[in-house]
Amino acid sequence: MAVSFIPCFLILSLFSAIDAHSGMIGVNYGRIANNLPSPEKVVNLLKSQGINRIKIFDTDKNVLTALANSRIKVIVALPNELLSSAASHQSFADNWIKTHIMSYFPATEIEAIAVGNEVFVDPKITPYLVSAMKNIHTSLVKYNLDKAIKISSPIALSALANSYPPSSGSFKPDLIEPVIKPMLALLQQTSSFLMVNAYPFFAYAANADKISLDYALFKQNAGNIDSGTGLKYNSLFDAQIDAVYAALSAVGFKGVKVMVTETGWPSIGDENEIGASESNAAAYNGGLVKRVLTGKGTPLRPTEPLNVYLFALFNENQKPGPTSERNYGLFYPNEGKVYDVPFSRVRSTPVNGNRDKVPVAHEGHTWCVSNGEVAREKLQEALDYACGEGGADCRPIQPGATCYHPESLEAHASYAFNSYYQKNSRRVGTCYFGGAAHVVTQPPRYGKCEFPTGH
């Protein structure tokens, strides 16, 4: 019997269609909270939104286990408190790789290790960074993992001595010889990215009298001309990233690429945190995603697509500091969205004579398949809806028809979900079914059954 079931149009729906040629968007999955969903539920949420890249701040066993066979790529981290041990003892690095990486890889697609996080903020641990990175890389080589798993260490923009204009970007002099150059040499040797945490919000909040809010939020603005290069900047984000590129060039490492491992905007802040609001957070994140999806680089690196990890997946209620720190999330802990963000390109389509923006389809060849981890009852309800009220073509999964075999609920549901998804032109939100389905980019394989790709 068909059930009353309305697919939800949620945010973050085009991650699966993003590749290195058009820019890449991922999301940070922080967990400094006591009210978050289980890792298994989080993986289902990620799948339902097509998010296929995340970054975490440790190597939590439950999270890495839940990510196994999910096709979600993950950047893990060696925490700052372990840098001293990793730097001092190769055996510690070896054991850490065996315990925290090899126990999960390759079922869990670990693609990089962040060795520490914003280490330069703490002078006490800064001297350990490069040795720790080298020892971790030596361990990866030892276990034949170095081609699959890269290393880096996220730096804050406070590592720069100058950032304006962008062409004058430079690293702090006291960091250059002891850590910056050796670290960049290792990144260059291993073909790894320099990880950078960039927050235009901080720059705007501290200089609201000088920086246009529209400039910070990717909105229409007059732009700024770099007096050193004559290049025009239409966003503070681009200016910050080019300041890093200029700093790299200044120390002889122009060829090292940059990955933005954290950026975001808080939806709530204290009274003195100028600019923190839901509307501004939606404008920043929405503008950034559109910016990344253009596939264009920055003014200084126009052919280098942007690779960006948004901060963060959830609001985290136990983070210390000002109110903003607990309100960077795209989702509440109950998995509801904090605000609407058009995480897709939009096209204008005539509707009753008007030009309304509607969500576009997932790009490239995509299919919708069932989530085998949900309860059978939920899967059956979703299948009943798709074949009934949803109008999917379920004739091929009837007894004796071409896709009846394999005779399993998961296979039949996948065929029905995909039929519904393709019938609806693969629009954002039409492959969700309350978490019972998710988008894939490879053709499903169920016996000899061929799944249609629709349009």
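Is glutamate 381 buried, exposed or partly exposed? This model is predicted, and in it glutamate 381 is partly exposed, with a relative accessible area of 40%. The limits for that class are 20% and 50%, so a value of 40% falls in between. Glutamate 381 sits in helix α11. Its C-alpha atom is separated by 9.3 Å from that of phenylalanine 433. Along the chain, glutamate 381 and phenylalanine 433 are 52 residues apart.

**Helices α11 and α12**

Two packed helices are described by the angle between their axes and the distance between the axes. Helix α11 covers residues 376–387, and helix α12 covers residues 409–423. Their axes come within 9 Å and cross at roughly 40°. That angle makes α11 oblique to α12. The crossing of α11 and α12 is left-handed.

Which residues of α11 and α12 make the contact? From α11 come Arg376, Leu379, Gln380, Ala382, Leu383, Tyr385, Ala386 and Cys387. From α12 come Leu409, Glu410, His412, Ala413, Ala416, Phe417 and Tyr420. Sorted by class, the contact of α11 with α12 has eleven nonpolar, two polar and two charged residues.

**Salt bridges**

Side chains of opposite charge can pair when their charged atoms come close. The model has twelve salt bridges.

| Salt bridge | N to O distance |
|---|---|
| Glutamate 111 and arginine 53 | 3.2 Å |
| Lysine 142 and aspartate 94 | 3.0 Å |
| Lysine 147 and aspartate 146 | 3.2 Å |

Take the pair of glutamate 111 and arginine 53. Arginine 53 has 19% relative accessibility, and buried means under 20%, so arginine 53 counts as buried.

Now take lysine 142 and aspartate 94. Lysine 142 lies in helix α5 (residues 129–142) and aspartate 94 in helix α4 (residues 90–100), so this pair ties together parts that are 48 residues apart in sequence. Aspartate 94 is buried, at 9% relative accessibility.

Aspartate 146 counts as buried, at 17%. Elsewhere, salt bridges that share partners join Arg31, Asp58 and Asp60 into one network.

**Backbone exceptions**

Most residues other than glycine have a negative phi, and most peptide bonds are trans. Where are the cis peptide bonds described here? One runs from phenylalanine 105 to proline 106, with omega near 10°. Proline 106 is in the loop between α4 and β4. Another runs from histidine 405 to proline 406, with omega near 0°. Proline 406 is in the loop between α11 and α12.

Arginine 71 has phi near 65°. It is found in the loop between α2 (61–66) and β3 (73–78). Arginine 71 is exposed, with a relative accessible area of 53%. Glutamate 118 has phi near 50°, also a positive value in a residue other than glycine. Its place is the loop between β4 and α5. Glutamate 118 is partly exposed, with a relative accessible area of 25%.

Technical notes
Residues numbered from 1 in each chain as written. Predicted model: local features only at pLDDT ≥ 70, side-chain atom pairs only at ≥ 80, totals over all residues. Heavy atoms only, no water. Salt bridge = Lys/Arg side-chain N within 4 Å of Asp/Glu carboxyl O. Buried < 20%, exposed > 50% of the residue type's maximum accessible area, 1.4 Å probe, protein only. Helix = DSSP H or I, 4+ residues; strand = E, 2+ residues; numbered from the N terminus. Axes fitted to C-alpha atoms, helices over the stretch in contact; angles between N-to-C directions. Parallel < 35°, antiparallel > 145°, perpendicular 65-115°, else oblique. Left-handed = near helix turned anticlockwise from the far one by under 90°. Contact = heavy atoms within 4.5 Å. Nonpolar A, V, L, I, M, F, W, Y, C, P; charged D, E, K, R; others polar.
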